[in-house]
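Here is a short briefing on one protein chain. Keep the sequence and the 3D view open as you read.

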Amino acid sequence: QVQLVESGGGLVQPGGSLRLSCAASGGTLDYITVGWFRQAPGKSREGVSCLGSRERDIYYADSVKGRFTISRDNAKNTVFLQMNSLKFEDAGVYYCVPDCFGQRDDYWGQGTQVTVSA
């Protein structure tokens, strides 16, 4: 079973950029759907972006369209989330999971913290 591990979070000023990584172990990410979700303190988890098994199947939440880009690097067995023009409301813990729905209880990792602060 493929295990996904998030990394790349950090502290950034508004308007800054971060690139999050979702690395796979125990299998390949080729042709696997990967979704990014985030959860801010006191808020529900929300879907941010999703990359389907076919590269043309890409979803972005309205709040991140035009600022975030999801991509896959098969050679590195990693899915990236490039986040530009970060806003305060982008802060939270970001998770990647092997689907676009985020409804299972058993595949959430530790996530990676994104803090946006001046």
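In what order do the four strands of the open sheet stand? The order is β1-β3-β8-β7, and the pairing is antiparallel. Keep in mind that this is a predicted model.

**The open sheet**
- Strands of a sheet pair through backbone hydrogen bonds, either parallel or antiparallel.
- β1 (3–7) and β7 stand at the edges of this sheet. Each has a single partner strand, so one side of each is left without a neighbour in the sheet.
- Neighbouring strands here are turned by 20° against each other on average, direction ignored.
- β7 and β8 pair in the antiparallel sense, over six bridges.
- Look across these strands: Arg72 stands opposite Val79 in β8.

**The largest nonpolar core**
- In soluble globular proteins, nonpolar side chains tend to be buried together.
- The largest nonpolar core of this model has 24 residues. Trp36, Phe68, Leu81, Met83 and Tyr94 touch the most other members.
- β3 gives the most, with four residues.
- Another core, of six residues, lies apart from the largest one. Among its members are Phe37, Tyr95, Tyr107 and Trp108.

**Tyr94 and its contacts**
- Which residues does Tyr94 touch, not counting those up to four places away in sequence? Among them are Leu20, Trp36, Val48, Phe68, Leu81, Met83 and Val114.
- The contacts of Tyr94 also include Glu6, Arg38 and Thr112.

- Most residues other than glycine have a negative phi.
- Asn77 is found in the loop between β7 and β8.
- Is Asn77 buried or exposed? Asn77 counts as buried, because its relative accessibility is 16% and the cut-off for buried is under 20%.
- Ser85 lies in the loop between β8 and β9.
- Ser85 has a relative accessible area of 40%, so Ser85 is partly exposed.

Methods
Residues numbered from 1 in each chain as written. Predicted model: local features only at pLDDT ≥ 70, side-chain atom pairs only at ≥ 80, totals over all residues. Heavy atoms only, no water. Core = buried A, V, L, I, M, F, W, Y, C linked by side-chain atoms within 4.5 Å. Buried < 20%, exposed > 50% of the residue type's maximum accessible area, 1.4 Å probe, protein only. Helix = DSSP H or I, 4+ residues; strand = E, 2+ residues; numbered from the N terminus. Contact = heavy atoms within 4.5 Å. Pairing = 2+ DSSP bridges. Axes fitted to C-alpha atoms, helices over the stretch in contact; angles between N-to-C directions.
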